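Student: Please take a close look at one helix of this structure, and then at the parts that can be described along with it.

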Amino acid sequence: MAKIEKVQIAGGGIAGLTAGLALSRQGIDVEIHERADHLQGRATGFSIWAFAIKRLMEWGFDRERLDAIGQEIVESHIVDDQDRPLLTLPIHEASTESGAPSMDVDRRLLQEALIEAIGPERYRFGSEVVGVQHDDGRIALALADGGCAFGDLVLGGDGIHSIVRDQALGQSVDLKRSRYAVIEGIADLDPDRLPAGHHKQVWGRKARFGVGWVGEGRARWFIGGRSIALADDPELSRDELLERVAGLPEIVAATIAATPEDQIVRTDVRHGYPPKRWHDDRVVLLGDAAHTLSPFAGMGACSTIEDVAHLVRLLGERDDLADALAAFQGEREGDVTRIEKTGRRNELMMMPSNGLLYWTRNALFSHTPDEKLMEIAAGMTSGEG
Ligand SMILES: Cc1cc2nc3c(=O)[nH]c(=O)nc-3n(C[C@H](O)[C@H](O)[C@H](O)COP(=O)(O)OP(=O)(O)OC[C@H]3O[C@@H](n4cnc5c(N)ncnc54)[C@H](O)[C@@H]3O)c2cc1C
């Protein structure tokens with residue numbers, strides 16, 4: 001095992017928190033520095049596929065704790081603009097092969113559960129990282145309050161605009177800005193609108209929408225596309241958003257209408273291929289800091305959790321720290337480059353830009369044989385698709 005007693009982590013999102021949990025379970029002392037002074041007030045959610053849920057289970061999340069942060073996806077129903085079925089994916093069946101459920105999860109509840117599991121005393125709210133300093137064989141995070149936090153290793157889990165990546169490793173990333181904004185939220189949805197265990201997506205010509213249960217009566221949703229809001233468009237009120245979804249299946253407007261206006265979140269999405277180098281001798285990047293994946297892949301958080309599992313295993317297996325960090329990048333960069341490529345391809349398939357493509361896709365997809373549906377579901381839930 002590489003000789004590490006203390007790890008300083010920049011960023012308290014999914015990367016920082018899951019790394020904090022997995023490392024502390026190995027007996028390593030961690031300190032997590034989060035710039036924000038509280039968790040995001042407006043809740044959003046995401047889908048976490050079985051391979052990543054399995055990692056959370058390995059780090060102590062039992063079924064009770066999982067059920068407190070989200071709900072299992074049993075089937076994923078994909079329809080077109082007119083609510084005509086395109087694909088029905090057997091997510092539960094495919095997930096069983098991975099040994100864990102796939103879930104829609106409330107991001108804030110997941111973060112709270114992770115902080116609780118690590119120990120709140122290790123999580124520093126309002127602690128902004130402004131740089132990284134090498135000091136006589138040790139390494140430190142330089143903090144905005146003028147302090148320094150020393151350790152044997154620094155993890156850069158500080159997201160898409162990572163200071164650790166840009167400053168400490170001198171790496172920049174060519175980020176592609178998505179043409180569309182993504183709007184999301186958590187609705188108090190009438191249970192008659194969506195059967196329990198269902199995740200539903202509308203793959204329209206000019207908009208893509210998704211909704212799935214994260215708890216009793218609470219469903220997380222997202223929508224984006226050129227008929228909804230371009231990246232530079234001004235903020236939309238809920239009524240304006242409802243006008244823009246008027247031609248889409250009823251569940252879209254019902255979900256948005258069931259979300260308090262001040263709880264609707266708009267995100268400007270950026271993504272790009274990973275930087276060349278994710279590490280030096282005592283610094284390593286994880287999650288979005290290392291790879292900001294296309295929203296059409298829907299795998300950013302899952303890949304982040306997988307990063308942590310690989311890194312912690314390698315730190316345990318290798319005696320030399322620099323060797324473990326180099327091996328980590330070697331193991332992960334192929335996977336995330338493949339996922340980014342798939343995401344870029346998915347954009348065309350999920351929101352075809354012209355009528356002929358849209359019609360052809362619908363005709364092909366609505367006749368997909370059961371074995372192919374299983375193969376697609378298995379690819380998503382195992383992270384290998
Ligand atoms: C609309 C949308 C939908 C998504 N849906 C899915 C999905 O269904 N499935 C999936 O797997 N992924 C999904 N993702 C991707 C997923 O959200 C990200 O990949 C994941 O959150 C990355 O985690 P992270 O910890 O690396 O980064 P972040 O979540 O961005 O966390 C970084 C943290 O670092 C903090 N920070 C930044 N700078 C500093 C600093 N200088 N000092 C201290 N702290 C700092 C930030 O405040 C933040 O808390 C989605 C993303 C978006 C935008």
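Tutor: Helices are DSSP runs of H or I with at least four residues, strands are DSSP runs of E with at least two, and both are numbered from the N terminus. Residues are numbered from 1 along each chain as its sequence is written. The model is predicted, so local features need pLDDT of at least 70 and side-chain atom pairs count only at pLDDT 80 or more, while totals for chains, interfaces and linings use all residues.

The helix is α2, residues 50-58. Just after α2, Gly60 has a positive phi of about 105 degrees. A residue counts as buried if 20 or more other C-beta atoms lie within 10 Å of its own, as exposed if 12 or fewer do, and as partly exposed in between; C-beta atoms are placed from the backbone. Seven of the nine residues of α2 are buried, so the helix is largely enclosed by the rest of the structure. The buried ones are Ala50, Phe51, Ala52, Ile53, Lys54, Arg55 and Leu56. Their cover includes β3, α3 (63-69), α4 (91-98), β7 (103-106), α9 and α12 (370-382), where contact means C-beta atoms, placed from the backbone, within 7 Å.

β3 (45-48) and α9 (300-317) each supply at least two residues of the shell around the ligand, as do α1 (14-24), β13 (176-188) and β17 (265-271). α9 gives the most, with four residues. A residue is near a molecule if its C-beta atom, placed from the backbone, lies within 6 Å of it. Of the 34 residues around the ligand, Gly11, Gly13, Gly159, Gly287 and Gly300 come nearest. Domain 1 (6-38 + 125-175 + 272-345) and domain 2 (42-106 + 176-271 + 352-385) both give residues to this shell, so the ligand lies between them; the domain bounds come from an automatic or database assignment.

In the largest one, of 108 residues, Val164 and Leu286 touch the most other members. This core draws at least three residues from each of domain 1 and domain 2. Not counting residues up to four places away in sequence, the contacts of Leu286 include Ala15, Ala19, Leu155, Thr304, Val308 and Leu311.

Notes
A nonpolar core is a set of buried Ala, Val, Leu, Ile, Met, Phe, Trp, Tyr and Cys residues joined through C-beta atoms within 7 Å. Two residues are in contact if their C-beta atoms, placed from the backbone, lie within 7 Å.
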